[in-house]
Number of protein chains: 2
Amino acid sequence: MSAKRQPDLTRQRLLESAFVEIHRFGFRSASLESILKDTHDTKGALYHHFRNKTELGYAVVDEVLKPWVENRWRPIIDADDPVDAALHVLHTRMNEISDDEIALGCPLNNLCQEMAGIDEGFQQRLNNILDEWRNGIAEAMRRGQQTGKVRQEIDPEACAAFVVGSIEGCMGMAKASQDAGMLRQAMLGLAQFLEAMRPTHRLQ
Amino acid sequence: MSAKRQPDLTRQRLLESAFVEIHRFGFRSASLESILKDTHDTKGALYHHFRNKTELGYAVVDEVLKPWVENRWRPIIDADDPVDAALHVLHTRMNEISDDEIALGCPLNNLCQEMAGIDEGFQQRLNNILDEWRNGIAEAMRRGQQTGKVRQEIDPEACAAFVVGSIEGCMGMAKASQDAGMLRQAMLGLAQFLEAMRPTHRLQ
DNA sequence: CAAAATACATACTAGTCGGTATGTAACATA
DNA sequence: TATGTTACATACCGACTAGTATGTATTTTG
């Protein structure tokens, strides 16, 4: 027999449903009543766990989105050869990505483009996630430079900024066209760019 | 003495104010009353010229956004050396871009990321714009290949998709951080990528 | 010049939304 | 076991929004 009250589960249920709703419709168009309908909770429960819609959004970013992003790109950051690792992650991600993920786009980029300049709380939290992502890649590139796997002349920070930016951009193109083929086509360019980071690279 | 009725001007005024409002807040969060307050028109005028909010949005895309995008990137498409032209446009655009444009982001990408998968009418129109942009770049690259200004091995379509995607992605990173410096940093990577399109390129 | 169509202006409506006030049952604590 | 706190549930409110109905002055047309 199940316990009648599980506040932690209730909170987590609300967070995950909110994440999906926000992923689908964006934060401002996300409907609290729709979330509650989905989880079979009520406003009383929601407003017991979160002060208002904005705080719910912040909690989604901190507790759902942030680990979601980190888990996805950690392999690159931890790898010995960052170029190999990035290309590998790119290929596996592109093969396993679902049409749904293409159609909805990257939840991080979605929120960035929606909320930057609108709400400072979102902006800071999202930028924090992007920063850690970029710093992770930059650090991996620096390590790659030390071990001779990455060309010495490149600027790790600029490289990381471009890699993250173009990943989000290519995902955005795929979302715009709602077509996984577009993702594969655009990502070829990123793969080329990454290959050119190797010291042994001689253009084809 | 000015005429009392200028329906064409009224329509244009509404379109341009709607473009700004949508650029600021997105389509769904754009307020018709805010637009009317801005132009000093009334609902009667608005609903005389446009059937509903969605049709106003479509008209903004077709009549304001589309030419806005085309004017910005035509220099690349028309150029003799597409790599030179792209780099030149990139540099001049980056120097003349205002903090406001950084903060609000690219109006094309904003709408794509907001409305793709939400409204088919928007999706088709926006994709049409992206397609023409990509095709223009691809065509320029092919012409560059014929005149020996661009390496033969590259795939013009994939290259164009990546260029457009990474431009929007880098703009998105800059918007996310609300920092023009981020745009410059990320765009260095794109410049590197473009340089690598030249047949004479020998990595630094 | 008369009539019809156009180009608005004003007032109103229905629906949705985030948020609140209040009540109550479960649970921890002493 | 009594008491206070937590975790909800229900009902309601005010704000805002897209959209409509109606009236009217201007402009075009026959």
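Author: A residue is called near a molecule or strand if its C-beta atom, placed from the backbone, lies within 6 Å of it, while helices (H or I, at least four residues) and strands (E, at least two) are DSSP runs numbered from the N terminus. This is a predicted model, in which local features need pLDDT of at least 70 and side-chain atom pairs count only at pLDDT 80 or more, whereas totals for chains, interfaces and linings use all residues. Residues are numbered from 1 along each chain as its sequence is written, and chains are lettered from A and ligands numbered from 1 in the order in which they are written.

Reader: Which element gives the largest share of the surface near DNA strand D?

Author: The largest share, four residues, is supplied by α3(A). At least two residues each come from α1 (7–25) and α3 (43–49) of chain A, and from α2 (32–39) and α3 (43–49) of chain B.

Reader: What makes up the surface near DNA strand D by class?

Author: Ala, Val, Leu, Ile, Met, Phe, Trp, Tyr, Cys and Pro count as nonpolar, Asp, Glu, Lys and Arg as charged, and the others, Gly among them, as polar. On that basis the surface near DNA strand D holds six nonpolar, seven polar and eight charged residues.

Reader: Which residues are closest to DNA strand C?

Author: Among the 21 residues that surround DNA strand C, the closest are Asn52(A), Lys53(A), Pro7(B), Gly44(B) and Ala45(B). Here α3(B) gives the most, with four residues, and the classes are six nonpolar, seven polar and eight charged.

Reader: Why are the two copies described as related by a two-fold rotation axis?

Author: Copies are superposed by least squares on the C-alpha atoms of residues with pLDDT of at least 70 in both. Chain B can be laid on chain A with an RMSD of 0.0 Å by a turn of 180 degrees and a shift of 0.0 Å along the axis, and the two copies are therefore related as by a two-fold rotation axis. The same surface serves both copies, since 100% of the contact residues of chain B recur in chain A.

Reader: How many residues does each chain bring to the contact?

Author: Two residues are in contact if their C-beta atoms, placed from the backbone, lie within 7 Å, and the contact takes 47 residues from chain B and 47 residues from chain A. On the side of chain B that touches chain A, α9(B) gives the most, with 16 residues, and that side has 21 nonpolar, 19 polar and seven charged residues.

Reader: What makes α9(B) mostly covered?

Author: A residue is buried if 20 or more other C-beta atoms lie within 10 Å of its own, exposed if 12 or fewer, and partly exposed in between; 21 of the 22 residues of α9(B) are buried. After α9(B) comes Gln178(B), whose phi is positive, near 55 degrees.

Reader: How many residues of α7(A) are buried, and what covers them?

Author: Nine of the nine residues of helix α7 (residues 107–115) of chain A are buried. The cover includes α1, α4 (53–78), α8 (120–146) and α9 (156–177) of chain A, together with α7 and α9 of chain B. Just after α7(A), Gly117(A) takes a positive phi of about 85 degrees.
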